[in-house]
Amino acid sequence: MAEIRFEQAAALKEKPDVSKIGFGKEFSDYMFEMDYNPKQGWHDPRIVPYRDISVSPANCTLHYGQAIFEGMKAFRTHDNRIVIFRPLDHINRLNNSARILDIPEVDVETVHQGLRKLIEIEKEWVPAKKGTSLYIRPFIFATDPYLGVSVSATYKMMIILSPVAAYYAAGFNPVKIMVEDTYVRAVPGGLGEAKTPANYAASLHAGLVAHEKGYDQTLWLDGVHRKYIEEVGSMNILFKIKGEIVTPALCGSILSGITRKTVLAVAKEWGVPTSERRITIDEVHEAYQNGELEEVFGSGTAAVISPVGELYYKGEKMVINDGKIGPFTQKMYDHITGLHSGEVKDTLGFVEEI
Ligand code: COI
């Protein structure tokens, strides 16, 4: 494993007022960086002061988007320890995205150790208030200064840190979601499973339209039949129908969420039936009409567990559980945030202490 060097900052920033932090607007004092070229491979892993970087105006990522990222979190536990949630799953998923975008995979051990060292140095940035965390954003982008459309020969990997509160302005209150029937996010054989900027760019206009109509997010349907439910974009989606937790099966155009995996594992541990399968918006609508749609919630690193109070589809509003947080959603939120805070026993080995 390559040695990780350290460059001291001339001065440290003042930490933000934790009661005022939002999501992803403030950044810590240091960041992780390493570079790739075909001769040296990934090399010179280092922790350096957080600062702007300069790229060529011809940087191929700016033009063609060959880039990937991850999102994970570090938490301060109730007894003042620092933990990260499922870091190896995130680094492995980064490598899965790398394979899809033809980006050279990183050495898992180097990135894991670099991340641990960065969090150790920046532990004062991990906020203590309930519902807050230090959001960890690893990313890789192509760096060739070249306008031809081709796979880049050179890359940069970085990890930046941002103290955050709830992702949605609503906090842990039910969000309203519009089922998207005009635009599509991803198609089979495309990039949908990769955590890559293109998927988020594809969601921006639809998100704007949903906001204008008073909705927090859009729920994507599959790009071919326009009937199978996929994901929300910033989170995966789960339904509680007749006592069973149902979520769309991973089919290549859905991101394999780490929180989604966590919810399914915890539900299984509780003995709650789960099913990963194709599910149509019509099935959800029918379950709603029959009074069988008990709860709907999203899962994601940024969103954690986000109750859905309303689904809007083709002119009809489906109000879920009277617009209130359902008991399963609440229990799952309490469980996962309890794992983060160290108040719930980590029987499945999801939490890693720094
Ligand atoms: C995450 O949940 O970490 C995400 O990446 C979603 C969003 C903030 C882009």
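Mentor: A residue counts as near a molecule if its C-beta atom, placed from the backbone, lies within 6 Å of it. Keep in mind that this is a predicted model.

Trainee: Okay. Which residues are around the ligand, then?

Mentor: Five names to look up: G71, S234, G300, T301 and A302.

Trainee: How many of that shell are nonpolar, polar or charged?

Mentor: One is nonpolar and four are polar. No charged residue is in the shell.

Trainee: Switching to the UniProt record. Which residue does it list as N6-(pyridoxal phosphate)lysine?

Mentor: K195, as a modified residue in an unreviewed entry.

Trainee: Where is K195 found?

Mentor: In the loop between β9 (175-179) and α4 (197-212).

Trainee: Is K195 buried or exposed, and why?

Mentor: K195 is buried, because 24 other C-beta atoms lie within 10 Å. The cut-off for buried is 20 or more.

Trainee: What is K195 in contact with, leaving aside neighbours within four places in sequence?

Mentor: I68, F69, E70, R93, S97 and L255.

Trainee: Where do D44 and V304 sit?

Mentor: D44 lies in strand β3, residues 41-49. V304 is in strand β15, residues 304-313.

Trainee: And how do D44 and V304 count for burial?

Mentor: D44 has 13 C-beta neighbours inside 10 Å, so it counts as partly exposed. V304 has 24 inside 10 Å, so it counts as buried.

Trainee: Take L219. What does it touch, not counting residues up to four places away in sequence?

Mentor: I177, V179, E180, I229, V232, I237 and L311.

Trainee: Zooming out, how many helices and strands are there?

Mentor: The chain has seven helices and 17 strands.

Trainee: What about the radius of gyration?

Mentor: The chain has 21 Å. That agrees with a compact globule, because one of 354 residues would come out near 20 Å. The C-alpha trace spans about 60 × 50 × 35 Å along its principal axes.

Trainee: And what share of the residues is buried?

Mentor: Buried residues make up 42% of the 354. As for contacts with a separation of 6 or more, 71% join residues 24 or more positions apart.

Terms used. Residues are numbered from 1 along each chain as its sequence is written. This is a predicted model: local features need pLDDT of at least 70, side-chain atom pairs count only at pLDDT 80 or more; totals for chains, interfaces and linings use all residues. UniProt positions are given in the numbering used here, feature names are shortened, and annotations may be inferred rather than shown by experiment. Helices (H or I, at least four residues) and strands (E, at least two) are DSSP runs, numbered from the N terminus. A residue is buried if 20 or more other C-beta atoms lie within 10 Å of its own, exposed if 12 or fewer, and partly exposed in between; C-beta atoms are placed from the backbone. Two residues are in contact if their C-beta atoms, placed from the backbone, lie within 7 Å. Ala, Val, Leu, Ile, Met, Phe, Trp, Tyr, Cys and Pro count as nonpolar, Asp, Glu, Lys and Arg as charged, and the others, Gly among them, as polar. The radius of gyration is taken over C-alpha atoms; the globule rule is 2.2 Å times the number of residues to the power 0.38.
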